[in-house]
Amino acid sequence: MTVTAQAPVDLPIAATRSDSPAPKGRRGLVMTFVLAVIALFWISPLALLVITAVRPLSDFIGNGPLSWPADFTWKNFSDAWGIGNFATTYRNSALLALIKVPVGVLISAMLGFALAKLRMRFRRTVMFTVFLGLTIPIYITIVPVFIMMRSAGATDSIFGLIGPYLAFGIPFEVLVLQSFFRQIPDEIIEAAKVDGAGDWRVFFTMILPLSVPALVTVAILDAVATWNEFLFALILLNSDAHKTIPVGLLNFQGQFANNNTGLAAGILIAVVPILIAYTLLQRWIVGGLTAGSLKG
Amino acid sequence: MAGTVAVKPSTVKRGGRWSPWLFAIPALAVYVAFLVYPALSSLWFSLTNWDGLSATYKFVGLDNYFKLPHDPVVVSAVQNNLIWTVVTIAVPTVIGLLLAIALNGKVHGKPILRLIFYTPAVLPLVSIASIWGWLYNPQYGAINSFLRMIGLDGLAQAWLGQDSTALWAVMVPAIWLRTGFPMLLYLAALQGIPNELYEAATVDGATKWQQFWHVTMPSLRPAHYIVLALSLIDSFKVFDMIYAMTYGGPGTSTQVMGTWMYFNVFQYYQAGYGTAIAVVITLVAVAVGIPYVRSQTREAS
C-alpha cells in the first residue's frame, strides 16, 4: 500500500531515468520535507480509509475517526463483501473490461492505422469527426441509447454496455494510437510492401508489434475508464445480478449509512484492484498520458 | 490526386481505394451507431414533448428551449456549472503546476511523491464520492472530528447538507482528483526545457522570479494549452461526482445541467425537455472543444 510510505523511499518499479541525480544540500532536504508533508495530507483520506476498515465499529465510535485503532479486525471486509454483493459486481466489471478493452484497442488501432499510414479519402473529415467525440458529454446520448437497448432487449445486461463503452473509448484511443503509428518510418512499411505484403500483413506483423508500448498504455487507460464508468451502467442496469462496481458501490453506500467501518471496508474493496494495477503499471500510464497529449 | 507525390511516398502506391476503409469501418460503425447517431437523435427528441415512456409524442418545435430560461433550476444549474468550471480548472492547474515545479527541483523520493499525487486520478469517481461523503459525515466524519480536535468546534458543520457549503464541499474531491493530470503533464514539459535557457538567464542577472515568468512560463505554453483545453472539455460535462455525492441537493444548491437533465428524463418523465438541456450543454462543450480538436487534426495531417 502506498498509504503510510510517505518517507522518501524510492520504489524499484518507478526508477526513472530523467530525474536529476540524488540532490544534496539543505535546500533539497527542506523541499523534500515540505512535499512529504503535503503528500501525507494528500493521501490522508485513503490512509484514514485503511485505518478505519481494519478496526471494529465500537472502537471507531468510542475513540473517534482520527485515533489510532485500539483493536484490529478483518470482519468489516467479510461483512462488506457479502452485503455489497462484491462477488457479483467484480465478476461483471471484470467480464466487461475483458471483452471491451481488447476489442476497443483493436478496432481503434485499425482505424488509427488507416488514418496514419494509408491513403484514405476524407481522412481529415474522419479524424475531425472522431476527435470531436472527446468533447461530447455521454449524457446527450443516453435517451436514444436507452431506447435502442430496450428495443434490442439489451437493457439490464452488461453486453448492452459494450457498444456505448466502445464508442466513447474510440476518440481517445485513436488519437493516441494514430500519433504513435505516424512515428513509424514509412521506409520499413515500403520495404515490406515491395516484398509483397498487403496492408493487413503490414498491420499485424509490423505495426502492432512495433506499437506495443502505445497499445499497452491505451489498454490500461481504457481498462481504468471502463472499470470506473458510471452513467451508462446506472441507466442500463437495474437488477443486482448485473451491476458493475461503481453502481453497486452507490447502493452499498446507502445500506451502510451508519456503519462507518463497514463502509470504509467496502470502498476499499472497490478501489484495491485499481490501486494495485496503477501502482504496478504507473510507468506506462505516466508515459502514455504525457506522450499522448503533449506530442499527439 | 495522382500528382501529389511529395509527403508520403509509401502510402501513395498500394492498397486500393477501398482498402483503408476495411480498417476504418469497424471503429467508425461503432462510433456512429453508439455516439453520433444517438447524439443526433437527441436533437430530434429535444424538439418534442415526449415523456420517455409513451409510444406517441408531438413535435413542439423550439418550445423546450424557450422554457429553459424560465426554469429557475436551469438558472441556478448554469451558475453552478460556471462556478464548477472556473474552480475545477483554476485550482488543480495552479496546484499541479506548483507541484510539478517542486518535483522538478532537488527533491528526494520523486517517484513516490508523484505516485501519491496522481493516485486520486485513477480511483473510480463513485468511490471518490463515497470516500468524501464519509469524510464529510457531520457526526463521525474525519473533517468535523479534526476541527473539534484542534478546538474549532464552531466550524464543524453538515458540509454536504446545507446550501451555503454543499457546492464547495463537492468541489474539494474534484480538485483532489484532478490535480494529478496537470502535474504529470507539467512535469514532462518542464523536463523538456533546456538548462541553457536558465544558465543564460542567470548570466543576465535574472532573479528566480524573473526566470519563472520569462523562461519557465513561456516554455510551458503547449502544456498550458493542453491542460486548459482538456480541463475545459471535462469540467463542462460534470455529472457523476454531484450525482453520487449530493444528488443535486440540498434543494437545488448543487444542481448542474447534467444532473438536471437526468432528473427530468428519468424521474419527472420529461424526456423532451431533459434532452434539450443535454443539447445545450453539449453545444457549449463542443464549441469550446473545437479549437483543441482542430489543433489535433491539423498537427496530424
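Predicted model: local features only at pLDDT ≥ 70, side-chain atom pairs only at ≥ 80, totals over all residues.
Residues 128-149 of chain A are 59% helix and 0% strand. UniProt, in an unreviewed entry, lists residues 128-149 of chain A as a "transmembrane region". The same annotation covers residues 29-54, 94-116, 161-181, 202-221 and 262-281 of chain A. Take residues 161-181 next. That span is 100% helix and 0% strand. Its end C-alpha atoms are 29 Å apart.

Now step back to the whole of chain A. Its secondary structure comes to 13 helices and zero strands. Read along the sequence, the pattern is α-α-α-α-α-α-α-α-α-α-α-α-α. Chain A has 296 residues, and 57% of them count as buried. Here, buried means under 20% relative accessible area. Look also at how chain A contacts itself. Among its contacts with a separation of 6 or more, 73% join residues 24 or more positions apart.

An unreviewed entry places "domain: ABC transmembrane type-1" at residues 90-280. Over these residues the chain is 77% helix and 0% strand. The end C-alpha atoms of residues 90-280 are 20 Å apart.

One loop of chain A deserves a stop. A:Phe122 sits between H4 and helix H5, which spans residues 123-132. Phi of A:Phe122 is near 60°. That is a positive value in a residue other than glycine. Is A:Phe122 buried or exposed? It counts as exposed, because its relative accessibility is 55% and the cut-off for exposed is over 50%.

Turn to chain B. For this chain, the UniProt "transmembrane region" annotation, again from an unreviewed entry, lists residues 21-40, 82-103, 115-136, 156-177, 225-248 and 268-293. Two of these spans can be described further. Residues 225-248 of chain B are 75% helix and 0% strand. Their end C-alpha atoms lie 31 Å apart. Residues 268-293 of chain B are 88% helix and 0% strand. Their end C-alpha atoms lie 35 Å apart.

Next, follow the loop of chain B between helix H13 (240-245) and helix H14 (257-266). B:Tyr247 is found in this loop. Phi of B:Tyr247 is near 60°, a positive value in a residue other than glycine. B:Tyr247 counts as partly exposed because its relative accessibility is 39%. B:Pro250 is in the loop between H13 and H14 too. What form does the peptide bond from B:Gly249 to B:Pro250 take? It is cis, with omega near -5°.

Move on to the loop between H14 and helix H15 (271-300) of chain B, where B:Gln267 is placed. B:Gln267 counts as partly exposed, because its relative accessibility is 36%. Set aside its neighbours within four places in sequence. B:Gln267 is then in contact with B:Tyr247 and B:Tyr262. Compare B:Gln267 with B:Thr48. The two are 219 residues apart in sequence. In space they are 18 Å apart, C-alpha to C-alpha.

The core draws at least three residues from each of domain 1 (28-72) and domain 2 (85-292) of chain A.

Zoom in on B:Met241. Not counting residues up to four places away in sequence, B:Met241 touches B:Trp84, B:Leu125, B:Ile128, B:Ala129, B:Val170, B:Pro173, B:Ala174 and B:Leu177.

Last comes the interface. How many residues of chain B are in contact with chain A? There are 110, and they are in contact with 115 residues of chain A. The two chains bury about 10,600 Å² between them. Of this area, 74% is on carbon and sulfur atoms. In chain B, B:Phe23, B:Tyr31 and B:Trp134 lose the most area to chain A. Together they make up 8% of what the chain B side buries. The count of salt bridges between chain B and chain A is zero.

Key
Residues numbered from 1 in each chain as written. Chains lettered and ligands numbered in written order. Heavy atoms only, no water. Domains from an automatic or database assignment. Contact = heavy atoms within 4.5 Å. Helix = DSSP H or I, 4+ residues; strand = E, 2+ residues; numbered from the N terminus. Buried < 20%, exposed > 50% of the residue type's maximum accessible area, 1.4 Å probe, protein only. UniProt positions renumbered as here; feature names shortened; annotations may be inferred. Buried area = accessible area lost by both parts, 1.4 Å probe. Salt bridge = Lys/Arg side-chain N within 4 Å of Asp/Glu carboxyl O.
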